[in-house]
Amino acid sequence: AYSSYLFMRTGSLLAPTLAHAFCNLMGLPDFGGVSSHPQVRLVASCFCAGIIVFTTVVTLDAVYRPPLFQSLLWHEHTS
């Protein structure tokens, strides 16, 4: 979904391709290993905080960012 957002936002294939390659390189987090970690609460809190911060940053970017890329697929509403 984030790669699609990047494509719509920039109109370029480079940004979503690099983001997708980075995600493939990093892989999925080890959610199963959280329960066996010595600091379960800290690790679980970091997972939750990461999801919340990522979602907030993408939402704020979509709402408040000025039109930098002039994409044909993403129309800015200026007042």
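This report describes the helices, the surface and the aromatic rings of one predicted protein model.

## Basis of the model

Because the model is predicted, local features are given where pLDDT is at least 70 and side-chain atom pairs where pLDDT is 80 or more, whereas totals for chains, interfaces and linings use all residues. Residues are numbered from 1 along each chain as its sequence is written, and side-chain values use heavy atoms, with hydrogens and water left out.

## Helices and contacts

The chain has three helices and zero strands, in the order α-α-α along the sequence; helices (H or I, at least four residues) and strands (E, at least two) are DSSP runs, numbered from the N terminus.

Of the contacts (heavy atoms within 4.5 Å) between residues at least 6 apart in sequence, 51% join residues at least 24 apart.

## Surface

The chain exposes about 6500 Å², of which carbon and sulfur atoms supply 70%, with areas from the Shrake-Rupley method and a 1.4 Å probe. Of the 79 residues, 13% are buried, where buried means under 20% relative accessible area, exposed over 50%, and partly exposed in between (1.4 Å probe, protein chains only).

## Aromatic rings

Rings of Phe, Tyr and Trp (its six-membered ring) pair if their centres lie within 6.5 Å, and planes under 30 degrees apart count as stacked, over 60 as edge-to-face and the rest as tilted. By this rule there are three aromatic pairs. One of them, Tyr 2 with Phe 54, is edge-to-face, at 5.3 Å centre to centre and 65° between the planes. This pair links helix α1 (residues 2-10), which holds Tyr 2, to helix α3 (residues 40-64), which holds Phe 54, across 52 residues.

Tyr 2 counts as partly exposed because its relative accessibility is 34%, and Phe 54 is partly exposed at 45%. Together with Tyr 5, Tyr 2 and Phe 54 form one aromatic cluster.
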